[in-house]
Amino acid sequence: MMDNFTPGPAGEASPTAVEAAAKADFREELFAAGVPEHLHDWLAGYGIGALVVKMGIRFLEMSPERCVATMPVEGNTQVAGILHGGAHVVLAETLGSFAAGMHAGPGRQALGIEVGATHHRAVSAGTVTGTCTAIHLGRTLTTHEIVMTDEQGRRLSTARITNLIRDIGR
């Protein structure tokens with residue numbers, strides 16, 4: 001089983017020219033999304049995921065303990081013109097899953113098993129910031145809280161995600 005946040009198994013065959021070209025393409029994607037350079041080797045063959053790109057998510061900080069990213073409201077609204085509740089959850093799950101994947105480390109993968117969100121306030125313009133903070137970083141489970149705020153620092157939603165950590169191939 002593979003997820004969008006854990007690179008493939010270690011010991012894969014040497015990349016072909018096509019795979020090498022794809023890695024170069026993903027490196028551009030990683031730079032554009034603000035992913036820190038020290039994580040590029042980890043993500044070079046997989047990128048950040050098509051949905052993350054479509055949503056316009058840009059990373060500001062990335063570590064197992066804390067991940068921060070922004071997302072534009074424009075293009076991610078529902079019919080009433082406010083940020084879609086699902087967009088809040090996409091940002092939350094993206095941050096929590098990347099943090100859990102970094103905690104898992106080489107040869108292990110993070111698999112989301114639960115995500116939930118409470119919406120506190122609507123936003124119809126600007127940029128939303130998601131701040132993900134580790135609640136628990138264990139050997140087999142991680143839990144992160146993600147708080148979304150508007151440009152004035154007002155809390156828009158609070159989410160929590162739990163990821164199962166396991167060895168790749170199990």
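Predicted model: local features only at pLDDT ≥ 70, side-chain atom pairs only at ≥ 80, totals over all residues.
C67 counts as buried because its relative accessibility is 0%, and C132 counts as buried because its relative accessibility is 0%. Buried here means under 20% relative accessible area, exposed over 50%, and partly exposed in between (1.4 Å probe, protein chains only).

Residues are numbered from 1 along each chain as its sequence is written, and side-chain values use heavy atoms, with hydrogens and water left out.

Zooming out, the protein chain has four helices and six strands, read as DSSP runs numbered from the N terminus (helices H or I, at least four residues; strands E, at least two). Along the sequence the pattern goes α-α-α-β-β-α-β-β-β-β. Of the 170 residues in the protein chain, 42% are buried. Among contacts (heavy atoms within 4.5 Å) with a separation of 6 or more, 61% join residues 24 or more positions apart.

Now for the inside. In soluble globular proteins, nonpolar side chains tend to be buried together. The largest nonpolar core has 32 residues, and V35, I57 and F59 touch the most other members; such a core is a set of buried Ala, Val, Leu, Ile, Met, Phe, Trp, Tyr and Cys residues joined through side-chain atoms within 4.5 Å. Elements giving two or more residues to this core include α3 (50-55), β1 (58-62) and β4 (127-137), but α4 gives the most, with eight. Take I57: beyond its neighbours within four places in sequence, I57 is in contact with A33, V52, A69, T70, M71, V90, L91 and T94.

The protein chain exposes about 8700 Å², with carbon and sulfur atoms supplying 54% of it (Shrake-Rupley method, 1.4 Å probe; for residues, only the protein chains shown count as cover). I113, L141 and L164 make a nonpolar surface patch of about 240 Å². L141, in strand β5, counts as partly exposed because its relative accessibility is 34%. Patches are made of residues with over 30% relative accessible area and no salt bridge, joining like charges within 9 Å and nonpolar side chains (Val, Leu, Ile, Met, Phe, Trp, Tyr) within 5 Å; a salt bridge puts a side-chain nitrogen of Lys or Arg within 4 Å of a carboxyl oxygen of Asp or Glu.
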